[in-house]
Amino acid sequence: MAAVLKLGFIGGGEMGGALAHAMRKFRPLVSTSRNNRNLEIVRKCDIVFLCVRPRDIAAVAAQVKGELKEGQTLVSIAAGQSVAKLRRLFGRKARIVRVMPNLGVKAGLGMCAVAKTAAPSAGRVCELLSLCGKVAVIPEKDFDAFTAVAGSGPAYFAYMLAAMGRGGAKLGLKPADSARFALQTMLGTAKYLEASQASVDKFIDQVATPGGTTAAGQTALDESGRFAEIVEECLARCAARSKELGR
Ligand SMILES: NC(=O)c1ccc[n+]([C@@H]2O[C@H](COP(=O)([O-])OP(=O)(O)OC[C@H]3O[C@@H](n4cnc5c(N)ncnc54)[C@H](OP(=O)(O)O)[C@@H]3O)[C@@H](O)[C@H]2O)c1
């Protein structure tokens, strides 16, 4: 991809900052509410990433709409904001590409979704996102579900990690050791599952031999049936909020 491509980020917080860092070879221009270079970015850049919170999108649209050029690409990462809504706000000149990243991009291990679109620049956006992890092109109707599993997913895995750390500490480990052991275990599990392509259910059976220690612990997860239910409920509420933000 030509390194002369001009990239801009409106919003340089947690996610915009991480994406801009991953794409730093393009020397992107980054705007925040403090330096407010939004107009300069829209005037100068071929691809503009819109990385403000959903509640700030309308204000940015009102500010930059008049400066957008025919065929310019506007990439929105905002939760719940549909392409149709973004078109209403930003007009029809810019090509809108809707993306949902996750914070794995900070480690080069992001999982990003790009909504299927006819916009010719979508392929280029996928290439850019592949600088910070994996990219999947999915129908826009699946964005709320993707947001639940991947966009917000890092926080849910971290929640489990924190519970494992606290659980180990209750059994007598030093809290910092317990947290470290749990993190390495999560990392090893994810890396092994990815490298082996093993089915997750088979993997659980491999670890949990009948009558063994793992199986004894697993009874607590299985007995009430609540663990799977709680996870499903968590994802359902996240997806519902994503839908609600789009109204
Ligand atoms: N965080 C995640 O894990 C995650 C995951 C997937 C998608 N997203 C999406 O990413 C977007 C940003 O989330 P975030 O977590 O990065 O939020 P954040 O850390 O609060 O960052 C928001 C950024 O927008 C800037 N900003 C606000 N109003 C602006 C304006 N009018 N012009 C220019 N910049 C402005 C803020 O600048 P100041 O700091 O100067 O106010 C800040 O740099 C959201 O739409 C969210 O749905 C986030």
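F49 is buried, with a relative accessible area of 0%. Here, "buried" means under 20% relative accessible area, "exposed" means over 50%, and "partly exposed" is anything in between, using a 1.4 Å probe and protein chains only. This is a predicted model, where local features need pLDDT of at least 70 and side-chain atom pairs count only at pLDDT 80 or more, while totals for chains, interfaces and linings use all residues. Residues are numbered from 1 along each chain as its sequence is written, and side-chain values use heavy atoms, leaving out hydrogens and water.

Now look for F9, which is also buried, again with a relative accessible area of 0%. A pair of aromatic rings is described by the distance of the centres and the angle of the planes. Rings of Phe, Tyr and Trp (its six-membered ring) pair if their centres lie within 6.5 Å; planes under 30 degrees apart are stacked, over 60 edge-to-face, and the rest tilted. That rule gives two aromatic pairs. In one of them, the ring centres of F9 and F49 are 4.7 Å apart and the planes sit at 10°, so this pair is stacked. F9 belongs to strand β1 (residues 7-10) and F49 to strand β3 (residues 47-50), so the pair ties together parts that are 40 residues apart in sequence.

Let's step back to the whole chain. You'll find eleven helices and seven strands, where helices (H or I, at least four residues) and strands (E, at least two) are DSSP runs numbered from the N terminus. Of the 247 residues, 36% are buried. Along the principal axes, the C-alpha atoms fill a box of roughly 65 × 35 × 35 Å.

The chain splits into domain 1 (7-139) and domain 2 (153-245), with bounds that come from an automatic or database domain assignment. Their C-alpha centres lie 33 Å apart. Eight residues from domain 1 and four residues from domain 2 take part in the contact, meaning heavy atoms within 4.5 Å.

So what is the area buried between domain 1 and domain 2? It's about 410 Å², with carbon and sulfur atoms giving 52% of that. Buried area is the accessible area (1.4 Å probe) that two parts lose on being put together, summed over both.

There is also one salt bridge between domain 1 and domain 2, that is, a side-chain nitrogen of Lys or Arg within 4 Å of a carboxyl oxygen of Asp or Glu. Find E194 and K134 to see their side chains meet in a salt bridge, at 2.9 Å from N to O.
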